[in-house]
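Please look over the sequence and the structure below before reading on. The briefing that follows takes a few topics in turn, chain by chain, and then turns to the place where the chains meet.

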Amino acid sequence: MPRSLAPWLAATALLLAACGSTPAASTADPGVPQPGGTLRFAVSSDQGCVDPQQVASNDTIYSLRQVVDSLTDQDPATGELRPWLATSWESNADATAYTFTLREGVTFSDGTPLDAEAVKANFDAVPRLGPRGTLPKGYLAGYAGTTVESPTRFTVSFDRPNVQFLQGTSTHSLGILSPATVAKSDDERCASVIGSGPFVIESYTRDESIVLAKRPGYAWGSQLWQSQGEAHLDRVEFRIVPESGVRVGSLQSGEVDAIGNIAKQDEALLAAAGVQLLGRANPGVPFGITFNQATPLGADPAVREALSLAIDRAEIVATVYTSQTKPATSALASTTPGYADQSALLAHDPARAQAVLDAAGWLPGPDGIRVKDGAPLSVELTWYSNSPANRATVELIQQQVREVGIDLQLRERPISESNPIQQSGQFVANWGNLTRADPDILRTQYSTAGNNFFRLSPGPLDELLAEQAAQVDPAARFATVAQAQELLVRERHTIPVVVLTTVLGVAADVQGVLFDASSRIQLHDAWKVQP
Amino acid sequence: MTLRYLLRRLLAAVGVLWAAFTVSFVVLYLLPGDPVATMASGGLDGEPLPPEELDALRARYGLDQPVLVQYGQRLLAAVTGDFGTSIQNGQDVRAAILEALPPTLQISAAGLVVAVLFGGSVALVATYTRALWLRQLLMALPSLAASLPVFWVGLLLVQVFAFGLGLFPSVGANGPAALVLPAITLGLPTGALVAQVLAKSLTQALGEPYVTTARAKGVGRPGIHLRHALRNAALPALTVLGYVVGNLLAGSVVVETVFTRPGLGRLTVAAVGVQDIPLVQGIVVFAATVFVLVNLAVDLIYPLLDPRVGVTS
């Protein structure tokens, strides 16, 4: 590819990402999909388990998503749910029971039929999953049982309203596995699973590769796909390459066709090599700072407001992140259904930050750090190195807020300590994000009825979050969710900063790599230009 | 070689293994958090489980027991070779280690060959040559090789020989070609160690009276160097073998990551990352066993090679 084309390619990818539309991969004229070939995809890690219901890392989800089908599929452009294994579904008035109608003729790759009994077996087994099964357990919160009415009709019941369950059915976490797989123990399922998806697991070598082969005769694809039949690719090889330099080099030299986790410093290099850079903002809670409101500083609204006003989000994005990354504009990322823009409340205004602190009695001290009643305005920010850009981001924020007299102390902790730290409340402020393509993530994060890691006081926010969890009508629900976002941002219960954006590098001859609503990939429509 | 000596050595070996087990247990328990909470946090993306469900999961892995009871149970099971199942992926710990072992053995063995060839030839040529500049150059090489970061050497080799020249594959463990670059990366620092020890003992051996005797009898320089001096100088090099094996095992962590090879090193990194207590302990005890066995073997072989060294001394 001529060098001069590279900027155009990057621009095209950027434009497409900005639209947030479905076809992520596309150069000038992709032409008609060609069958056959092997796609080689390098990812950075192996979770050590090939059961889609028990994995949470994107690197592993990329491959296992292809092995299972889901009851529904979520349109990445609109957030709406569309038929996949289920042709239709309805909920009762208070969102405690959902009745699904399955399409007929679907089989698992071991030949057994995918019917209502199989779905029931899957859901019944979820509460028995061990510590790896956190995601599906959350989707099935309050699960009371599944009643089978016919081989193609069943009802899932809950002991409390559970609107987010429907979106959960579209994820890999509630992908349907064969009854033979479900009957095995959770540990055994980590070694091999049988699904009904467009690909089957051909081989799994721990820390080395997950190889998928096309499922012949597949004919029950999601309605969101270009075709519902067999996949175009014969095989997909996911190679586990932990070193980012080696991943980038492999893609440049043509040893692989696609890689995940592109960093800012690799962008120009890959674009110049003619690689397509596909990006999509992760839905859910953007990266940001959330205070522990049981601490004196976290309970002080002036401190929270001044910190938010002192942060220059545009500078952070431009300095640290890939070109497709955007500043956060709400308590939810823009790709989350129900997102409502709150950017007016998230302006960068250091002068006002100073005024807010002055008014609250935080006055400049001798070294520039503000002081009140003899105590310096020193905020400890706990952060984790789970995302490579985190260090540079929190260090830049530290510099920015220092200018209004806030001393941000950075405290890095290993990711394994995140849960104990949040549960025990031994933090003042926390840097983090969460990926979920449903606004219910706000309830699990900020409702005082839940874990309440941030020690919020009960208030009107609780009512809004509980209300949306039971609102069956999406329009009414999103209106409630919008109010909740406004309240969260206005009260600075959370200070959103930047929207984590997934960026993949894909070779120029690969087409049809699609992002799903959770910003993970769907490879059914992917194909390679054959030489 | 007396039976008592052997018995004493075996007892000491058991002591070392027990210490390795106990220290790793204490360290893993001193860390805040526990593997169940870590796994359940789903890499921070999942909805956190309620405390009562976490407690139920802890009970499943015996993590709800008092620490001393857990220690006793694990120690008893470990004595029978049972280290339990990995919390991360549910695999039997012994099976996981045995599965990861062959690729690590491959690069360790290949790395050892590189180390001996590189270290041996540098030491031999450096002590043999009469050109002062060459000798000084060669004597400086080991310190240079030992101070280069393994990580950096590996990435450099990948960039030049895999991506640049396309001579070798950059990733994977398939075939002998994939073994070349990792073996060089792993063998360089270890070879530097071998070169330093061997060069020193060769220089010393060449000053011994028997060399003068050999020279007086008319043995040529190559003969003296290889047949007389090297034989004696090789013994001190042999004693660092235990250390060399340790180097190779430790180096496998970095080399397996850079070259994307499965093996013990990668297994260790993953297990430590999620505080997978059974798996980490299994690996620590296994590594300790290898150390103990290699050192024992060196001590037992030594008197056979050098009759002057008695086992009881």
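Predicted model: local features only at pLDDT ≥ 70, side-chain atom pairs only at ≥ 80, totals over all residues.

Two strands are said to pair if DSSP finds at least two bridges between them. With that rule in hand, β15(A) and strand β16 (residues 370-372) of chain A pair in the antiparallel sense, since two bridges are found over their pairing.

**A sheet in chain A**

- Strands of a sheet pair through backbone hydrogen bonds, and this pairing can be either parallel or antiparallel.
- In chain A, three strands in the order β15-β16-β17 make up an open sheet, and the pairing is antiparallel.
- β15 (363-364) and β17 (375-376) of chain A stand at the edges with a single partner strand each, so one side of each has no neighbour in the sheet.
- Pro364(A) has Arg370(A) of β16(A) as its bridge partner.

**A mostly covered helix in chain A**

- Helix α10 of chain A, which spans residues 301-310, is mostly covered, as eight of its ten residues are buried.
- Among the buried residues of α10(A) are Val303(A), Arg304(A), Glu305(A) and Leu307(A).
- The buried residues of α10(A) pack against four elements of chain A, namely β13 (284-291), α12 (350-359), α13 (390-402) and β21 (495-499).

**Chain B as a whole**

- Chain B has 13 helices and zero strands in its secondary structure, and its C-alpha atoms fill a box of roughly 85 × 60 × 30 Å along the principal axes.
- Of the 313 residues of chain B, 39% count as buried.

**Helix pairs in chain B**

- The axes of helix α7 (residues 150-164) and helix α11 (residues 241-258) of chain B come within 9 Å and cross at roughly 30°, which makes α7(B) roughly parallel to α11(B).
- The crossing of α7(B) past α11(B) is right-handed, and the residues that make the contact include Phe151(B) and Leu155(B) of α7(B) as well as Val254(B) and Val258(B) of α11(B).
- Sorted by class, the contact of α7(B) with α11(B) has seven nonpolar residues, two polar residues and no charged residues.
- Helix α1 (residues 3-30) and helix α4 (residues 67-79) of chain B pack at an angle of about 140°, with their axes 11 Å apart, and α1(B) likewise passes α4(B) in a right-handed crossing.
- Phe21(B), Phe25(B) and Tyr29(B) in α1(B) meet residues of α4(B) that include Tyr71(B), Arg74(B) and Leu75(B), and the contact divides into seven nonpolar, no polar and one charged.

**One residue of chain B**

- The C-alpha atoms of Val113(B) and Gly191(B) are separated by 9.0 Å, although the two residues lie 78 residues apart along the chain.

**Where chain A touches chain B**

- The contact takes 42 residues from chain A and 37 residues from chain B.
- On the side of chain A that touches chain B, α8(A) gives the most, with five residues.
- The residues on that side of chain A divide into twelve nonpolar, 19 polar and eleven charged.

Notes:
Residues numbered from 1 in each chain as written. Chains lettered and ligands numbered in written order. Contact = placed C-beta atoms within 7 Å. Nonpolar A, V, L, I, M, F, W, Y, C, P; charged D, E, K, R; others polar. Buried ≥ 20, exposed ≤ 12 C-beta atoms within 10 Å, placed from the backbone. Axes fitted to C-alpha atoms, helices over the stretch in contact; angles between N-to-C directions. Parallel < 35°, antiparallel > 145°, perpendicular 65-115°, else oblique. Left-handed = near helix turned anticlockwise from the far one by under 90°.
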